[in-house]
Amino acid sequence: MENSIDIKISRRNLLKAGAASATAIGTTAMSATQNATPAQGLTATVTLNVNGKSHEMSVDPRTSLLDALREHLRMTGTKKGCDHGQCGACTVLLDGRRINACLTLAIMHDGQQITTIEGLGTPGALHPLQAAFVKHDGYQCGYCTPGQICSAVGMLDEAASGMPSHVTASLNERPLLTPDEIRERMSGNLCRCGAYANILDAIEDVAEGKS
């Protein structure tokens with residue numbers, strides 16, 4: 001065509017142009033992010049009732065419940081594993097129900113009852129599940145153990161109330177805590193040491209005692 005423009009560009013110049021564009025976009029995005037932090041420097045007051053004691057604190061509104069427990073209250077029994085809700089190491093009980101503390105904000109639980117591993121028992125008066133984990137050697141490194149035990153406490157209460165799981169055979173009857181049921185209900189708690197067989201034995205021991 002007569003009006004066509006003959007554009008010649010080398011591979012090197014094309015790469016240079018692409019790199020320059022990416023740098024410009026990245027710089028603009030970084031600048032926008034730095035300017036868009038309205039919560040920076042702000043704090044919120046929240047009262048957390050943890051293991052029967054009330055704690056009033058000022059926290060960044062973005063503080064997770066896990067960080068509030070560990071960094072503000074120094075309750076380090078609750079572990080930070082993946083920080084994405086995938087491993088269960090941070091499991092605590094909120095008004096009796098198990099949750100992942102890393103996936104919720106502290107300010108969302110003002111006044112609610114929170115139970116951590118420190119609130120389940122003491123060295124001289126262990127919770128039945130704590131005693132069962134010791135009896136059956138349900139741990140190796142111990143990092144996941146607090147979350148495993150808190151999750152098991154919540155799981156046993158769920159089963160006792162008739163809450164079904166994915167493998168429950170009948171929705172009209174109280175679920176039986178068979179090994180498959182326990183495995184399914186505890187599948188959100190990972191053990192990198194692979195102590196699952198002993199964990200199962202410990203939970204079965206307590207489940208049989210409750211039934």
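The model is a predicted one. Its 5 strands form an open sheet with mixed pairing, in the order 2-1-5-3-4.

**Sheet layout**

- The edges of the sheet are strand 2 (53-59) and strand 4 (97-100), each of which pairs on one side only.
- On average, neighbouring strands of this sheet are turned by 40 degrees against each other, direction ignored.

**Pairing of strand 1**

- Strand 1 pairs with strand 2 in the antiparallel sense, over 7 bridges.
- Within this pairing, Thr 45 has Ser 58 of strand 2 as its bridge partner.
- The hairpin of strand 1 and strand 2 has 2 residues between the strands, and Asn 51 takes a positive phi near 55 degrees there.
- Strand 1 (residues 44-50) also pairs with strand 5 (residues 113-115), here in the parallel sense and over 2 bridges.
- In strand 5, the residue that stands opposite Val 50 is Ile 114.

**Helices on the sheet**

- Helix 2 (residues 65-72) packs on the sheet and touches strand 1, strand 2, strand 3 (91-94), strand 4 and strand 5.
- The direction of helix 2 makes about 100 degrees with that of strand 2.
- Helix 4 (residues 145-160) packs on the sheet as well, touching strand 3 and strand 4.
- The direction of helix 4 makes about 40 degrees with that of strand 3.

**Cysteines**

- A disulfide is a covalent bond between the sulfur atoms of two cysteines.
- The criterion applied here is a pair of cysteine sulfur atoms within 2.5 Å.
- For Cys 87, the closest cysteine sulfur is that of Cys 82, at 3.8 Å, which is too far for a bond.
- Cys 87 counts as buried, because its relative accessibility is 15% and the cut-off for burial is under 20%.
- For Cys 193, the closest cysteine sulfur belongs to Cys 141; the distance is 3.6 Å, so this pair is too far apart for a bond.
- Cys 193 is partly exposed, with a relative accessible area of 31%.

**Glu 181**

- Glu 181 lies in helix 5 (residues 179-185).
- With 4% relative accessibility, Glu 181 counts as buried.
- Apart from neighbours within four places in sequence, Glu 181 is in contact with Ser 165, Val 167, Thr 168, Pro 175 and Leu 176.

How values were computed. Residues are numbered from 1 along each chain as its sequence is written. This is a predicted model: local features need pLDDT of at least 70, side-chain atom pairs count only at pLDDT 80 or more; totals for chains, interfaces and linings use all residues. Side-chain values use heavy atoms; hydrogens and water are left out. Two strands pair if DSSP finds at least two bridges between them. Helices (H or I, at least four residues) and strands (E, at least two) are DSSP runs, numbered from the N terminus. Axes are lines fitted to C-alpha atoms, for helices over the stretch in contact, and angles run from 0 to 180 degrees between N-to-C directions. Contact means heavy atoms within 4.5 Å. Buried means under 20% relative accessible area, exposed over 50%, partly exposed in between (1.4 Å probe, protein chains only).
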